[in-house]
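User: Can you walk me through this fold, one question at a time? I'd like the cut-offs as we go.

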Amino acid sequence: MDLIAHISRQFEESAQAKLASIELLAPPLAMAVETLTQALLANGKILVCGNGGSAADAQHFTAELLGRFERERPELAAIALTSDSATLTALANDYSLEQIFAKQVRALGQPNDILVTLSISGNAANILAAIEAAHQREMRVIALTGQGGGRVAEALRADDIHLCVPHERSACVQEIHILAMHCLCDGIDALLLGDA
């Protein structure tokens, strides 16, 4: 096996997937930036959730908002619903894995808040339950998916925003989710601070 060629193909597939996503994702990303910024300016907060690697991405995104992305600015209200192991394990044990995010959304979410979900397949039951809970709390949802969007695509309302990566390979979808979150952070900063 030629490992260098194998690794090179990984880079090429990732780059091609990103380039193929620009036209499809740029308009809803712009809408998501405006929606998140308006919510933050109205004293709303951003709640973020995902499973596995997407849970880590949720924490990465909120860290960029709470601290800073590339420029100094005031802290932005963001909570990763994936971070509190005591809460997650208590909810999973006392209720079910399906409810670990939904119960947090119902407890913490307000109408000015935004729920950001990450689900590569769009079929995670706990993500679907979180979206339903957000709608119950009159929150808008920004959903990052791939692989056609799955059941999440069907659960979203007209005023929600769907960022569906047009790719089937999980690794490529997740890489583009990270890029999308960086675009969101950069766009929020540009709207709040002016274009650098």
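User: Is Ser14 buried or exposed?
Analyst: Buried means under 20% relative accessible area, exposed over 50% and partly exposed in between, with a 1.4 Å probe and protein chains only. Ser14 comes out at 11% relative accessibility, so this residue counts as buried.

User: Before we go on, what sort of model is this?
Analyst: Residues are numbered from 1 along each chain as its sequence is written, and side-chain values use heavy atoms, with hydrogens and water left out. Local features need pLDDT of at least 70 and side-chain atom pairs count only at pLDDT 80 or more, while totals for chains, interfaces and linings use all residues, as this is a predicted model.

User: Which residues does Ser14 contact, leaving aside neighbours within four places in sequence?
Analyst: Ser14 sits in helix H1, residues 3–41. Helices (H or I, at least four residues) and strands (E, at least two) are DSSP runs, numbered from the N terminus. With contact meaning heavy atoms within 4.5 Å, the partners of Ser14 are Cys172 and Glu175.

User: Which strands stand at the edges of the sheet?
Analyst: Two strands pair if DSSP finds at least two bridges between them. The open sheet has five strands with parallel pairing, in the order E2-E1-E3-E4-E5. Each edge strand has a single partner, so one side is left without a neighbour in the sheet; these are E2 (78–80) and E5 (161–165).

User: At what angle do H2 and H7 cross, roughly?
Analyst: Axes are lines fitted to C-alpha atoms, for helices over the stretch in contact, and angles run from 0 to 180 degrees between N-to-C directions. Under 35 degrees counts as roughly parallel, over 145 as roughly antiparallel, 65 to 115 as roughly perpendicular and the rest as oblique. The axes of H2 and H7 come within 10 Å and cross at roughly 15 degrees. That makes the pair roughly parallel.

User: Which residues does Leu156 touch, not counting those up to four places away in sequence?
Analyst: Leu156 lies in the loop between helix H6 (150–155) and E5. At 16% relative accessibility, this residue counts as buried. Leu156 touches Ile131, His135, Val141, Ala143, Ile161 and His162.
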